[in-house]
Amino acid sequence: MKRLFSFATAAALITLSLSTAHSEVDRQASDTITYLGVSTFHLSSSLREHLEIKDGFGVQVLEVVADSPAEEADLRRNDILLKFKDQLLISPEHLSLLVRNEEDSSTIPLTLIRKGTETQKEVTQGKIEQTATQNRRKREDRRMSPEQW
């Protein structure tokens, strides 16, 4: 019985030590990243077909963050983003990669479709602090495309 108790106590102490160590690392490790302030999703095949967008291209805006560069540039929910500068967008992850590889405060032309009409918007990117915990969560939080539902 004593062995069981001491094993449980040791496991609890190790867990407490590890969680304390992780929170300490999270407080120390933060990055400043460029951002637009949109949440995006893959286009469904039916929407892509309806708008006559080539298979594999475009991302849909699900949400625009308040007081973000995207809101200032008048991006809206359900806009279909086609190009970032002259790059055709193939996924939400592709958009994130392109955004993060740009410099802070650079102005980016975005080509989009709104209510069936192709248009272009200029977006001046912003900077935001991102902690190691947020980085870890983002990697673990993989979104499914509508075809996977």
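The legends below describe close-up views of a predicted model. In this model, local features need pLDDT of at least 70 and side-chain atom pairs count only at pLDDT 80 or more, while totals for chains, interfaces and linings use all residues. Residues are numbered from 1 along each chain as its sequence is written, and side-chain values use heavy atoms, with hydrogens and water left out.

**View 1. The largest nonpolar core.** This core, a set of buried Ala, Val, Leu, Ile, Met, Phe, Trp, Tyr and Cys residues joined through side-chain atoms within 4.5 Å, has 16 residues, of which Leu 75, Leu 81, Phe 84, Leu 89 and Leu 95 touch the most other members. Two or more of its residues come from each of strand S3 (59-64), strand S4 (80-84), helix H4 (92-100) and strand S6 (107-114); helices (H or I, at least four residues) and strands (E, at least two) are DSSP runs, numbered from the N terminus. Another core, of five residues, lies apart from it and includes Leu 43, Ile 53, Leu 82 and Ile 113.

**View 2. The surroundings of Leu 89.** Contact here means heavy atoms within 4.5 Å, and neighbours within four places in sequence are left aside. On that basis Leu 89 is in contact with Gly 56, Phe 57, Gly 58 and Val 59, with Leu 81, Leu 82, Lys 83 and Phe 84, and with His 94, Leu 95 and Leu 98.

**View 3. The buried side of helix H4.** Pro 92, His 94, Leu 95, Leu 98 and Val 99 are the buried residues of H4, where buried means under 20% relative accessible area, exposed over 50% and partly exposed in between (1.4 Å probe, protein chains only). These residues lie on the same side of H4 because they cover an arc of only 160° around the axis, the arc being that of the directions from the helix axis to the C-beta atoms.

**View 4. Strand pairing around S3.** Two strands pair if DSSP finds at least two bridges between them. Strand S2 (residues 38-42) pairs with S3 in the antiparallel sense over five bridges, and Phe 41 has Gln 60 in S3 as its bridge partner. S3 and S4 also run antiparallel, joined by two bridges, with Val 59 standing opposite Leu 81 in S4.

View 5. A salt bridge is a side-chain nitrogen of Lys or Arg within 4 Å of a carboxyl oxygen of Asp or Glu, and the structure holds six of them. Lys 121 is buried, with a relative accessible area of 18%. A network of salt bridges links Asp 74, Arg 76, Asp 79, Arg 114 and Lys 121.

**View 6. The salt bridge between Lys 85 and Glu 102.** The closest N and O atoms of this pair are 3.1 Å apart. Lys 85 lies in the loop between S4 and strand S5 (87-88) and Glu 102 in the loop between H4 and S6, so the pair ties together parts that are 17 residues apart in sequence. Lys 85 counts as partly exposed, at 35% relative accessibility.
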